[in-house]
Amino acid sequence: MAEAHKLQAIIFTFFLFSVSLLNTSLSQPQTPAPASDSCNGIFLSYTYTAGYSIPPTDPTNQAYRFESTLTVLNNGRHELKSWRAFVGFQHKELLVSASNAVLADGSSLPAEVGNGTVFSGFPMSDLKSAVETAGDMTQMEVRVGLVGTQFGVGAPDVPMPLNISLVNDGYSCHNATKQGNNEMHVCCIQDSTNSASNNGLHGEFLPRQEGDLIIMYDVIRAYDDNYLAQVSISNHNPLGRLDNWQLSFDWMREEFIYSMQGAYPSVVDTTDCIFGRQGQHYKGLDFSQVLNCERRPTIIDLPPTRANDLILGRIPFCCRNGTILPPLMDPSKSKSSFQMQVYKMPPDLNRTELVPPQNWKIKGTMNPDYECGSPVQVSPSQFPDPTGLPSETAAIASWQVVCDITRSKEANPRCCVSYSAFFNDSAIPCNTCACGCNGNPSQTCSVTEPALLLRPDALLIPFENRTVEALEWANIKRRTVPNPLPCGDNCGVSINWHLLSDYRGGWSARITIFNWGETSFEDWFTAIQFDKAVAGFEEVYTFNGSVLLGSNNTIFMQGRPGLNYLLAETNGANPKKDPRVPGTLQSVISFTKKSTPGINVAKGDGFPSKVLFNGEECALPTILPNKAPRISAATSIFGFLTLVLLLLMQ
């Protein structure tokens with residue numbers, strides 16, 4: 001009997017305990033579903049994970065290490081090709097490392113990203129959908145580990161970005177949502193109107209994009225441990241240009257360049273191979289024949305004398321000293337090309353393992369700056385059959401790098417413009433420090449004082465020899481001279497725009513190009529942009545000139561045969577006492593007023609609003625020549641007669 005009571009007590013206790021557990025489970029809140037579950041598109045999240053102050057101690061601008069994770073997850077129906085994500089950093093961040101991604105603008109790490117930056121996936125650039133992979137997260141998601149330095153945000157505050165978003169075409173993102181103080185996420189939905197075209201759904205590859213400069217990386221032969229790549233650089237901007245181009249990129253898998261045709265590395269260096277893993281793996285390879293083992297090599301073009309070299313030349317579009325012209329000047333000179341044999345390293349010793357270099361940069365001497373995106377795999381390029389048969393040979397794999405002209409506010413111009421006019425006997429020279437000045441200039445000149453007005457003929461004299469003329473002219477005109485005197489413009493090329501005449505039916509101007517540098521310019525060009533005057537353009541009398549195709553405000557000018565060479569600065573007749581002489585070219589341009597009624601030439605319509613030389617935008621003066629109130633018509637008529645004389649000489 002006692003045992004029966006004891007058993008009943010045990011059963012009753014167990015029942016009470018079960019009910020207690022049930023009540024407890026019912027009363028506890030359920031864990032909320034992840035935010036990504038509600039996104040039927042591309043889900044992005046940014047999570048700040050750790051950070052602490054680092055030396056030196058600076059209460060006004062303390063530096064802190066930050067660690068964070070950017071996650072990109074494809075919850076959509078279709079594959080996301082070549083993903084790109086923007087992170088709106090805002091605390092003067094210096095990014096030191098990024099796993100599974102590179103900077104889309106081609107910058108190498110460490111890099112300043114305080115104004116925000118775009119990441120591109122590498123090596124996993126494409127994210128498949130759950131439908132394609134049965135929900136395999138390793139193919140749907142990428143996590144980018146970020147480590148860097150930020151300034152001014154210490155605990156308990158968290159240095160979060162201003163925004164995050166997907167940059168790929170065809171997607172629209174909602175406003176980013178914060179979760180707590182260390183996480184931010186956003187859902188980006190694919191536009192239904194152009195979803196297929198933006199993701200390459202009708203083919204295996206993304207469509208080729210347009211840009212100012214297109215670089216193609218084509219693998220034309222592949223072996224287990226090496227491959228042959230052809231690199232082509234094509235100019236597609238009517239005002240873009242490169243001189244003495246220098247191309248650089250980063251090898252990501254310890255590759256090295258064994259040989260090249262059509263170009264050459266700026267430095268022949270095998271040190272990294274001999275003392276690195278490459279030398280250990282390729283023990284039987286003669287590294288004295290290897291050209292370059294740098295992780296970031298710089299490639300330069302060959303001179304024309306090497307075009308038919310059996311070893312280095314014999315590549316179409318090679319060997320032009322790095323000159324790439326606008327296509328409207330000469331289509332055959334708007335492209336450059338070279339080949340290189342690339343050796344690979346384990347674990348990529350398979351002919352199908354092909355990884356293009358990343359972080360592409362290209363620059364020239366007197367040219368615009370270019371910003372290049374990440375390589376995007378496109379359909380294999382087609383090449384004419386080398387034997388002359390009426391067929392084409394396809395590349396094994398092709399990647400496209402799109403580069404666009406960018407104009408940084410911090411970058412200094414490399415050329416400048418001066419103004420003069422028939423109605424004013426003073427010329428307005430280039431601005432003080434137009435092309436930059438020493439960051440710590442001496443006390444002998446001022447970087448803030450405006451340039452002193454000059455006699456027009458003084459523009460022919462180098463700045464360092466103008467002081468006497470400038471002071472004499474200021475004395476004649478009774479102008480105050482600052483102390484110290486203003487610094488020079490420091491430009492290698494200057495352009496004088498002189499208003500030559502202004503009469504009832506038209507007007508004319510004279511353009512003079514000065515080369516103050518040590519390098520001559522072959523196949524030069526200049527482009528002059530106006531707000532109102534181009535409709536009345538008639539003719540350029542010494543250069544070849546026309547209205548730029550597809551534009552209604554720009555006149556494009558280049559040298560005629562025999563006048564397409566702008567010489568470098570040379571010594572004077574007597575180098576001991578005479579100043580150096582710039583290379584100079586000059587022409588007169590005529591305009592009619594029939595097509596531009598109401599144009600006010602002297603008040604500004606006769607002066608350009610933008611000037612470019614070889615694609616580089618030049619600094620313009622901040623003031624215009626003043627028209628004297630009692631100017632006689634004789635001076636204007638003299639300018640018109642000069643124009644007529646030039647016409648008769650044609």
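Thr512 touches Ser494, Ile495, Asn496, Thr584, Leu585 and Gln586, leaving out residues up to four places away in sequence; contact here means heavy atoms within 4.5 Å. The model is predicted: local features need pLDDT of at least 70, side-chain atom pairs count only at pLDDT 80 or more, and totals for chains, interfaces and linings use all residues. Residues are numbered from 1 along each chain as its sequence is written, and side-chain values use heavy atoms, with hydrogens and water left out.

**Setting of Thr512**

- Thr512 belongs to strand 29 (residues 506–515); strands (E, at least two residues) and helices (H or I, at least four) are DSSP runs numbered from the N terminus.
- Thr512 is buried, at a relative accessible area of 4% (buried is under 20%, exposed over 50%, partly exposed in between, with a 1.4 Å probe and protein chains only).
- The side chains of Thr512 and Gln586 form a polar contact at 2.9 Å; this term denotes a pair of N or O atoms within 3.5 Å, where within protein one must be able to donate a hydrogen and the other to accept it, and residues adjacent in sequence count only if both atoms are side-chain atoms.

**Nonpolar cores**

- The largest nonpolar core comprises 38 residues, and Trp497, Trp507, Phe530 and Phe613 have the most contacts inside it; such a core is a set of buried Ala, Val, Leu, Ile, Met, Phe, Trp, Tyr and Cys residues joined through side-chain atoms within 4.5 Å.
- Elements giving two or more residues to this core include strand 28 (493–502), strand 29, strand 36 (583–592) and helix 8 (601–605).
- Beyond its neighbours within four places in sequence, Phe530 has contacts that include Trp497, Trp507, Ile555, Phe591 and Pro608.
- A second, separate core of 32 residues includes Leu213, Trp245, Trp251 and Val401.

**Backbone geometry**

- The Phe122 to Pro123 peptide bond is cis, with omega near 5°, and Pro123 sits in the loop between strand 7 (117–121) and helix 2 (130–133).
- Pro346 and Pro347 are likewise joined by a cis peptide bond, with omega about 10°; Pro347 is in the loop between strand 19 (335–343) and strand 20 (358–363).
- Arg478, a non-glycine residue, has a positive phi near 55°; Arg478 is exposed at 79% relative accessibility and lies in the loop between helix 7 (467–476) and strand 28.
- Asn614, also not a glycine, has a positive phi near 50°; Asn614 is buried at 0%, in the loop between strand 37 and strand 38 (616–617).
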